Amino acid sequence: MYSGKDIAIVILNWNGKTLLEQFLPSILKYSEAAKIYVADNASTDNSVEFLKTSFPKVTIIQNSENSGYAKGYNDALKHVSEPLLCLLNSDIEVTEDWLSPIIDTFNSEAKPDILQPKILDYKDKSKFEYAGAAGGFIDKYGYPFCRGRIFNTIEDDKGQYNDVINIFWASGACFFIKNEVFKTLNGFDESYFAHMEEIDLCWRAFNKNYRTQYVGTSTVYHVGGATLSNTNPKKTYLNFRNSLVTLVKNTDKNVFAKAITRMLLDGLAGILFLFQLKPLHFIAILRAHGSFYLNLNKVLSERKKLPKRSNYYKSTSIVWSYFVMKDITF
């Protein structure tokens, strides 16, 4: 049976001194039994010195470079031995007793391997937050969506998702995973750098029959976009590139037909960006596809090594459902 002392809360930091100063106090206050780490990705803003002075109870792991979310966590977690890992964004405010439902669910008969709490918007706590909301799913062509958030439509939290259910992917903003499972899956794919790596990890976990669940009785608040905002073309590039790689690596069959359909849908998204007078985002999609083509042999090589399972998707096409059929909520 797990308890609070079995949890390691690991916060990845890069030049986030202001965020640590704002959000670490709530984490320390409401996570007393857990061990708290900050994994620093070679910050240049005196984050490490600040932590040593202001939060001496926090264990600091110093990575040698800013290698992004994926490699940053892979490197840091080699130094963490607790059986349960909580990968927590530095812009998360936790709530009182937030860990108890998580521990109870890990100890339940369902025996989940990966968990996510309810994630609400720090700036408007009545709404779900874009990155994860009430648990993630995926469509046939690899487009992710959430209960509480489909594309840019975000629901109010009215208690409609105060449940515990199986989901397909958990948000990297607040991501619980058994340490042994993380190691068995060889951690995150470091080629992603950032964005979508948690969905890739959850898909690989699904294909190995591990279980991912959402725990709606635990709540955290996420600022979102603290590193890259949704309006940043680099985020568009990473999301489109990594999403396409994730589909080709992990889908069960008809991979080329799915990939071609996905590329056509991405092209429509690019045209939409042009109509919205966002040419840099259009260029970001072109660059994402260019990078995918250049690395296709490597992706296909990875695909051959990985097990596959069918029935991974919740919707045939969330793009069709949302933009054509106008189904804007889960």
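The model is a predicted one, and the values below are computed from its atoms. In this model the count of disulfides comes to zero, helices H1 and H2 are roughly parallel to each other, and helices H6 and H4 are both described as mostly covered.

**Cysteines**

- A disulfide is a covalent bond between the sulfur atoms of two cysteines.
- A pair of cysteine sulfur atoms has to lie within 2.5 Å to be counted as a disulfide, and by this rule the count for the model is zero.
- The cysteine sulfur closest to that of Cys86 belongs to Cys174, and because the two sulfurs are 4.3 Å apart, they are too far from each other for a bond.
- Cys86 is also buried, with a relative accessible area of 0%.
- Cys202 is likewise in no disulfide, since the nearest cysteine sulfur, that of Cys146, is 11 Å away.
- Cys202 counts as buried, its relative accessibility being 0%.

**Helices H1 and H2**

- Helix H1, made of residues 17–30, packs with helix H2, made of residues 47–54, at an angle of about 25°, and the axes of the two helices are 9 Å apart.
- Angles under 35 degrees count as roughly parallel, and H1 and H2 are therefore described as roughly parallel to each other.
- The crossing in which H1 passes H2 is right-handed.
- On the H1 side, Lys17, Leu20, Glu21 and Leu24 take part in the contact, and they meet Ser47, Phe50 and Leu51 of H2.
- Sorted by class, the residues in this contact of H1 with H2 are four nonpolar, one polar and two charged.
- An α-helix has 3.6 residues a turn, so residues three or four places apart point the same way.

**Helix H6**

- Helix H6 covers residues 197–207, and eleven of its eleven residues are buried.
- Among the buried residues of H6 are Glu197, Asp200, Trp203, Arg204 and Phe206, and Cys202, discussed above, is also one of them.
- Just after H6, Asn209 takes a positive phi of about 70°.

**Helix H4**

- Helix H4, residues 99–106, is mostly covered, with six of its eight residues buried.
- The buried residues in H4 are Leu99, Pro101, Ile102, Ile103, Thr105 and Phe106.
- The elements that cover these buried residues of H4 include strands E1 (7–13), E4 (84–88), E6 (114–121), E12 (164–166), E13 (174–178) and E14 (212–222).

Definitions and conventions: Residues are numbered from 1 along each chain as its sequence is written. This is a predicted model: local features need pLDDT of at least 70, side-chain atom pairs count only at pLDDT 80 or more; totals for chains, interfaces and linings use all residues. Side-chain values use heavy atoms; hydrogens and water are left out. Buried means under 20% relative accessible area, exposed over 50%, partly exposed in between (1.4 Å probe, protein chains only). Axes are lines fitted to C-alpha atoms, for helices over the stretch in contact, and angles run from 0 to 180 degrees between N-to-C directions. Helices (H or I, at least four residues) and strands (E, at least two) are DSSP runs, numbered from the N terminus. Angles under 35 degrees count as roughly parallel, over 145 as roughly antiparallel, 65 to 115 as roughly perpendicular and the rest as oblique. A crossing is left-handed if the near helix is turned anticlockwise from the far one by less than a right angle, and right-handed if clockwise. Contact means heavy atoms within 4.5 Å. Ala, Val, Leu, Ile, Met, Phe, Trp, Tyr, Cys and Pro count as nonpolar, Asp, Glu, Lys and Arg as charged, and the others, Gly among them, as polar.
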